[in-house]
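Please keep the sequence and the structure in view while reading.

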Amino acid sequence: MRVVYAGTPDFARAALERLHAAGFTIPLVLTQPDRPAGRGMKLQPSPVKQFALEHGIAVAQPRSLRLDGKFPEDAAAAREALQHAAADVMVVAAYGLILPQWVLDLPRLGCLNIHASLLPRWRGAAPIHRAIEAGDAETGVTIMQMDAGLDTGDMLLVERLPIVPRDTTATLHDKLAVLGGRLVVEALEIAACGGFRPVKQPEEGVNYAHKIEKAEAAVDWSQPAAAIERRIRAFDPFPGASAQVRGETIKLWRARAIPGRGNVAPGTIVAIDEHGIGVACGDGSRLEIAELQRPGGKRLPAADFLRGFPLEPGLRFEG
């Protein structure tokens, strides 16, 4: 089976690696254009492009796939490359470009998407972050037959995965990337043996996982400690939850919610001990912060952080 692959970040590279190891013919990879990164802001290829180049797979990096859009020359070149690839199916994972109808119609078996949620919950750009932030007990991967909507296509395969109490977006991302790679190989093996039994998504339970914005990083101390703790995990590694104290913006990386009935103003430091920094929250509960980071510094356990940036009870964190 000939498989064109479209993806960009590490999440997508994991599935590409699995498809390559399974022996599928991959004549072409689509990925986002190189982006500036690092201290020197040099152009860097995406993780998917890096893998493709290492394994001699042709790469196309159109800025758009819309023939009537801003970059019609890119779209036309991509169409020629896709037609030449003569793929049976396109697999898409965190690609970053919307596929117009001509792309969806081109492969014999259409386009399959590896989506990191249990659809229809958390359609959209940031399903891993939003699942943790919302306090979901489980998530998973859905292999979906793509259509013109935003993650609205029929479901082909679904597998669930628990969200454990210490999961961050980073740890859950890695588990879902491995699961997605395994599941898409299973999906293509099913296709090779006669086809799928597609299931329409339920009309109830639809949520949209909107893109994470840097402005969301600021902690709202009027919220319950449990909600703040979830947001800290959801925003690890990006953009990181933050709060201001003593004139600096501090990143909060690891914390634990402690129930309580206090009446101290939210954001106030109420305790400092070997476990961390206790901060009052909106429902009387307390957030015990165990790992912090100053601007330009490293993530540090609370005890090490406090040696270089002393704090004391009574000081107040602002959002």
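## Two residues compared

Arg-230 is partly exposed, because its relative accessible area is 24%, where buried means under 20% relative accessible area, exposed means over 50%, and partly exposed lies in between (1.4 Å probe, protein chains only). The model is a predicted one, in which local features need pLDDT of at least 70 and side-chain atom pairs count only at pLDDT 80 or more, while totals for chains, interfaces and linings use all residues. Residues are numbered from 1 along each chain as its sequence is written, and side-chain values use heavy atoms, with hydrogens and water left out.

Arg-230 belongs to helix H7 (residues 225-234); helices (H or I, at least four residues) and strands (E, at least two) are DSSP runs, numbered from the N terminus. Leaving aside neighbours within four places in sequence, Arg-230 is in contact with Ile-132, Glu-133, Ala-134 and Gly-135, contact meaning heavy atoms within 4.5 Å.

Phe-317, in the segment after helix H8 (302-308), counts as buried because its relative accessibility is 1%. Although Phe-317 and Val-245 are 72 residues apart in sequence, their C-alpha atoms are 5.0 Å apart in space. Not counting residues up to four places away in sequence, Phe-317 touches several residues, among them Trp-221, Val-245, Ile-269 and Leu-311.

## Helix H2 and its surroundings

Within helix H2 (residues 47-54), the buried residues are Pro-47, Val-48, Lys-49, Phe-51 and Ala-52. These buried residues pack against strand S1 (3-7), helix H1 (10-21), strand S2 (28-30) and strand S5 (58-60). Just after H2 comes Gly-56, which takes a positive phi of about 65 degrees.

## Paired strands

Strand S12 (residues 241-245) and strand S13 (residues 248-258) run antiparallel and are joined by 5 bridges; two strands pair if DSSP finds at least two bridges between them. The hairpin of S12 and S13 has 2 residues between the strands, and in this hairpin Arg-246 takes a positive phi near 50 degrees.

S13 also pairs with strand S16 (residues 286-293), in the antiparallel sense and over 7 bridges.
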